[in-house]
Each structure stands twice: as C-alpha cells, then as structure tokens.
Amino acid sequence: MLKKILLLAVLTFLFAFTANAMSPLTGDQVERVVKTLEQLDPIMDQMEEEKEESGESDVDPFDPEMLNKEFAMLYGYTPKAKMIIEANGFTDKTWPETAGRVVKAFASIAMEAEGNAGMAELEAAIAQMEADPNMSPEQKKMMKEHMLSSMKMAKAMIKAPAEDVKVVRPYFEKLSNAME
C-alpha cells in the first residue's frame with residue numbers, strides 16, 4: 001500500500017513538473033497559429049461537414065487533451081492541411097500542442113468575458129427547472145448538482161496558464177475572426 005502511495009506521489013510530482021516545464025508561448029507562435037487557422041478554414045469546414053455526415057462525433061468536451069487531438073487529426077486530414085501547417089513552421093508534434101495552447105488561452109479569455117452571462121444563463125436554467133412541477137425534489141436537486149458540477153468542470157478544463165493568456169490576449173480579435 002505504501003509503495004502505491006509513494007508511486008502516486010512521485011507520478012503526481014513528475015506530471016506537475018513536466019506541465020510547468022513547457023516553454024513559454026510567444027507572440028510569433030500565436031500569429032502563426034492565427035495565420036494557419038485562417039488558411040485552414042475551408043479544410044476545417046470540410047472536415048466538420050464530413051464528421052457530421054458520418055455521425056462521427058466522438059469529441060469528449062471533458063477530455064483535457066481534446067484540443068490537441070483535434071489539431072493532430074487536422075494535421076493528417078489532407079496533404080494540403082499538412083502542407084499549410086508545415087509552411088507556417090509547425091510539425092506534427094508542435095502544431096497540436098501550440099494550437100491547443102493558443103485556443104485554450106483564447107477560450108479562457110472568452111470565458112472571462114462571458115463568465116457573468118454564462119452564470120446568469122445557468123441560474124435561469126436552474127430557476128426554470130426548480131419551477132417545473134413534473135420533477136420531484138430529488139430530481140431537481142440531482143439536476144442542479146449536475147449542472148453546477150458541469151459548469152465548474154468546464155471552467156476548470158478551459159483554464160489556461162496565466163502566461164499563455166497574457167500572450168494570447170492581444171490577438172483575441174484576430175483569433176475570434178479566424179475561428180468564426
């Protein structure tokens with residue numbers, strides 16, 4: 001039992017150390033991600049359309065690696081996508097990580113800006129549910145806990161490192177346009 005606890009503690013420490021050992025995000029990287037996303041726009045639309053048609057929606061919004069997986073998939077989606085990504089200075093290793101960090105920081109900034117609106121919507125949904133005469137008090141309590149837990153988890157998942165947010169913030173408008 002003690003060995004398992006020690007192993008878990010060591011692994012936790014190593015994970016925390018590795019996460020903090022990431023190289024800082026730069027303005028140049030953010031600019032290249034924006035440029036790449038703009039160039040990939042028709043390819044991303046095509047990829048999204050094909051996923052919808054095939055019913056292939058295996059995206060787990062609570063997977064912390066979701067963004068990296070999506071960007072890795074985009075890299076290998078077509079030879080043209082790969083060419084665009086590489087022409088902007090990324091590789092199969094650097095593209096998913098860098099684009100994922102930029103988009104996560106972007107989402108974190110957007111969440112800051114819309115945080116109050118999101119909470120107001122959640123509170124309205126909870127109030128509507130509370131007023132529903134067809135739900136038992138137990139169901140209402142369970143649903144309320146689930147909704148609050150989901151919101152809390154979503155906020156935690158989208159929380160980007162402060163350094164990344166600081167670097168991405170000046171590019172927020174450009175990213176907004178590139179991701180429309």
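Is D164 buried or exposed, and what is its relative accessible area? D164 is buried, with a relative accessible area of 3%, where buried means under 20% relative accessible area, exposed means over 50%, and partly exposed is what falls in between, with a 1.4 Å probe and protein chains only.

What you see is a predicted model, in which local features need pLDDT of at least 70 and side-chain atom pairs count only at pLDDT 80 or more, while totals for chains, interfaces and linings use all residues. Residues are numbered from 1 along each chain as its sequence is written, and side-chain values use heavy atoms, with hydrogens and water left out.

Let me begin with the overall layout. The chain has eight helices and zero strands, helices being DSSP runs of H or I with at least four residues and strands being runs of E with at least two, numbered from the N terminus. Of the 180 residues of the chain, 27% count as buried.

Now to the charged pairs. Side chains of opposite charge can pair when their charged atoms come close. The structure holds six salt bridges, a salt bridge being a side-chain nitrogen of Lys or Arg within 4 Å of a carboxyl oxygen of Asp or Glu. One of them joins D164 and R101, at 2.7 Å from N to O, and this pair links distant parts of the chain, with D164 in helix α7 (residues 162-168) and R101 in helix α5 (residues 94-131), 63 residues apart. R101 is buried as well, with a relative accessible area of 12%, and salt bridges that share partners join E97, R101 and D164 into one network.

A second salt bridge is formed by the side chains of K51 and E70, at 3.0 Å from N to O. Because K51 lies in helix α2 and E70 in helix α3 (residues 66-75), the pair ties together parts that are 19 residues apart in sequence. K51 counts as buried, at 14% relative accessibility, whereas E70 is partly exposed at 23%.

Staying with helix α2, which spans residues 27-54 and contains E52, I would point you to a negative surface patch formed by D45, E48, E49, E50, E52 and E53. Such patches are made of residues with over 30% relative accessible area and no salt bridge, like charges being joined within 9 Å and nonpolar side chains (Val, Leu, Ile, Met, Phe, Trp, Tyr) within 5 Å. E52 itself counts as exposed, at 58% relative accessibility. R32 also has its place in helix α2 and counts as partly exposed at 21%; R32 and A99 are 67 residues apart in sequence and 9.2 Å apart in space, C-alpha to C-alpha.

Finally, helix α4. Which residues of α4 are buried? In this helix, residues 79-87, they are A81, I84 and I85, and seen down the axis of α4 the buried residues fall within an arc of 95°, so they line one face of the helix; the arc is that of the directions from the helix axis to the C-beta atoms. The face turned away from that buried side carries the exposed residues P79, K80, M83 and A87. Just after α4, G89 takes a positive phi of about 90°.

How values were computed
Areas by Shrake-Rupley, 256 points an atom, 1.4 Å probe, with all protein chains shown as cover. Lys, Arg positive; Asp, Glu negative; His and termini not counted. Charge placed at Lys NZ, Arg CZ, Asp CG, Glu CD.
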